[in-house]
Amino acid sequence: PKPEIILFDKVEGTDAVVNDLGVLNISDISYNEFGTPIVNSIFNKARSSASNDMLALVNTDTILTDSIFPAIETAAKYVLNNKFLIVGKRWSIYLDRPWNFNKGDWHDGLKSFRNYNGNGFMGHAGLIDYLIFPKDIEWDIPPFATESGVWDRWFIYNAIKKGIPVLDASNFITAYHQEHFNFDFIPANKQDAKTEHKNNLKLCGGSSNQYTILDSTHILTFH
């Protein structure tokens, strides 16, 4: 099935690109004093704008394969009340060229590229690049900045606190993170970045509420 893609971006020139790709772009979200998007604003807009019952928050430097579809189907079939959170580790790859996704075997080619000459390695359990869950779950998200490494780990903690099963799909879903050296999503001023990180830690209740994929309540496997 073809997914509905919602992009959150206010960069000039984005509209022309998303129109060509058939992507919905939403720029009307909340930002903090450093110009960083606020997480709960993104989630609220996604819930109200999405036409499907399932949502997947995916970092824009991440490539998902069609392995996500059987993972979602399996979770929806076996998890009681259809309430769950799917997370998983991803491969990091040094992709130094445009990739042709119009080729039917693009994922096989990407796997071969990953395995060639050390181009790829598996990321650790604290790196969370996608969250998949039914749209009707109420998460009660504080006003985190999208600075990585705090709110996404809190998300796993929050799900477990609410009694929602967290499914580790590392062996089920093949995902790729494109390694990069551009960190424009972090405030350029180091002091501002530290302040943002400190604020996020305070909002999440401290480092003890920073869970990783290893804290998942279940492991999603093939039958």
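Predicted model: local features only at pLDDT ≥ 70, side-chain atom pairs only at ≥ 80, totals over all residues.
User: Okay, and where does Asn32 lie?

Analyst: Look in the loop between β2 (24-26) and α2.

User: Is Asn32 buried or exposed?

Analyst: Buried means under 20% relative accessible area. Asn32 has 17%, so it counts as buried.

User: Which side chain does the side chain of Asn32 make a polar contact with?

Analyst: That's Glu196, with the two side chains in polar contact at 2.8 Å.

User: On to helices. Why do residues three or four places apart point the same way?

Analyst: An α-helix has 3.6 residues a turn, so residues at that spacing end up pointing the same way. Now take α2, which spans residues 39-49. Val39, Asn40, Ser41, Ile42, Phe43 and Ala46 are the buried ones there.

User: What covers the buried residues of α2?

Analyst: The cover includes strands β1 (6-8), β3 (54-58) and β8 (130-134), along with helix α5 (151-161).

User: Let's do β8, then. Which way do its residues point?

Analyst: With a strand, check each side in turn. In β8, Tyr130, Ile132 and Pro134 point one way, while Leu131 and Phe133 point the other way. Both sets are buried, and β8 is mostly covered, with five of its five residues buried.

User: How many bridges join β3 to β8?

Analyst: Five, and the two strands run antiparallel.

Terms used. Residues numbered from 1 in each chain as written. Heavy atoms only, no water. Buried < 20%, exposed > 50% of the residue type's maximum accessible area, 1.4 Å probe, protein only. Helix = DSSP H or I, 4+ residues; strand = E, 2+ residues; numbered from the N terminus. Contact = heavy atoms within 4.5 Å. Polar contact = N/O pair within 3.5 Å; in protein donor to acceptor, adjacent residues only side chain to side chain. Pairing = 2+ DSSP bridges.
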